[in-house]
Amino acid sequence: MHELEIAQSLLRTIDDWRDQNGSPRVLSVRIEMGLLSGVDPDAMQYAWEAACEFACGGMMKDCKLLIDHLPIKYECPGCGREFESEKLVSACVHCGKEYPRRKGGRELNLKSLEVE
Amino acid sequence: MCKDCGCDGHHHHHHGDGMHAHTGADGKVYYHSHETSTREVPLEQAILAKNDNTAELNRAFLKGRGTRTFNLISSPGAGKTTLLIKTLEALKAAGIPTAVIVGDQYGEIDADRMRSTGVPVTQIQVHDSCHLTAQQISAVLETSVPAGTKILFIENVGNLVCPVAFDLGEDEKIALLSTPEGEEKPLKYPGLFTAAKLVLLTKMDIASALGWDKELCIRNVKTTNPQAEILEISSKDGSGFDAWIDYLKHSITQ
């Protein structure tokens, strides 16, 4: 259940940003996560709602968390082509060569805020 | 009183742009608009940036001490502590100074077991948390790693998922996968196996009794991480230990 700590880390960053930017109300927060980030989207939503309840003096209550899921990117050392996949693969989807090189998949980033 | 926020501080109304400002009880000036226009503010950054920054400081400190650091991660009961006791003894015999930081939810059981080797061991109790953070490591780093330490082992909280997200400042993550856990863990919990440089297959002494399929397990590790090095090891009968100790010795001469 490290999602709660991730939600709290997100809120600290947003709190700092609000302090420096006139404390506007934040309506939604957009994050992106890779399939291998180890973060469960349902647990993340649950943790977000719990963490927002009293964060920033109540100013984050009802703030929505929007999650973009990033596919895993691969590059094949055989045919040199790149491709994306929604799951782990052990062979190139183009030429079938085993064990294409994985690029990313573990992303866990804050993308943007929607503010009033 | 402001009908939007309930404050009773000083008000400045900026007619025309809809902005409204007041000084809050904390002395800060707050602005908000009575219009409902919204805007998108791009903020490209890692969510765990604060942890990552502390981890970088830990890494710099350890590099400055000439210490190579391994973050050992596995599910509970995969054999991290037993592996470490035998490893600490072997490295001691080889004249290589080591130190250990171990995380558990409660108690000093693991630390006490490892202290029997004479190696400095620091126990961190994480209580209701499920992983170590860079901040927790930072707080004990100076007292836990004596000058001249060549290898620091961080034994993370037994958990296959959560510890992976938190960089501690290590040089490498090492995953332990014990044969009783079966062959499919790398596919079901790929996060750790994609992040680990080395995967140790532990409890090899009981593999045949379990009917554990080595080829399948190795294929599953390779599917999640084709670059991972894989070593088979048993802390009980000592098989595979020479290769493991060589791996460690080689890593500190790089």
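Reply:

Read from the N terminus, the elements of chain A follow the order α-β-α-β-β-β-β-β, that is, two helices and six strands (DSSP runs numbered from the N terminus: helices are H or I with at least four residues, strands E with at least two). The radius of gyration of chain A, 18 Å, is well over the 13 Å given by the globule rule for 116 residues, so the chain is more spread out than a compact globule; the radius is taken over C-alpha atoms, and the rule is 2.2 Å times the number of residues to the power 0.38. The C-alpha trace of chain A spans about 55 × 30 × 15 Å along its principal axes.

This is a predicted model, in which local features need pLDDT of at least 70 and side-chain atom pairs count only at pLDDT 80 or more, while totals for chains, interfaces and linings use all residues. Residues are numbered from 1 along each chain as its sequence is written, chains are lettered from A and ligands numbered from 1 in the order in which they are written, and side-chain values use heavy atoms, with hydrogens and water left out.

At the interface, 35 residues of chain A are in contact with 35 residues of chain B (heavy atoms within 4.5 Å). The two chains bury about 3200 Å² between them, 56% of it on carbon and sulfur atoms; buried area is the accessible area (1.4 Å probe) that two parts lose on being put together, summed over both. A:His2, A:Tyr99 and A:Arg106 supply 17% of the area that chain A buries against chain B, more than any other three residues.

Between chain A and chain B there are 13 residue pairs in polar contact, both residues at pLDDT 80 or more (N or O atoms within 3.5 Å; within protein, one must be able to donate a hydrogen and the other to accept it, and residues adjacent in sequence count only if both atoms are side-chain atoms). On the side of chain A that touches chain B, two or more residues come from each of α1 (3-20), β1 (26-34), β5 (101-103) and β6 (108-115) of chain A. Of these, α1(A) gives the most, with nine residues.

Two salt bridges are counted between the chains (a side-chain nitrogen of Lys or Arg within 4 Å of a carboxyl oxygen of Asp or Glu). One salt bridge joins B:Lys50 to A:Asp16, with the closest N and O atoms 3.0 Å apart.
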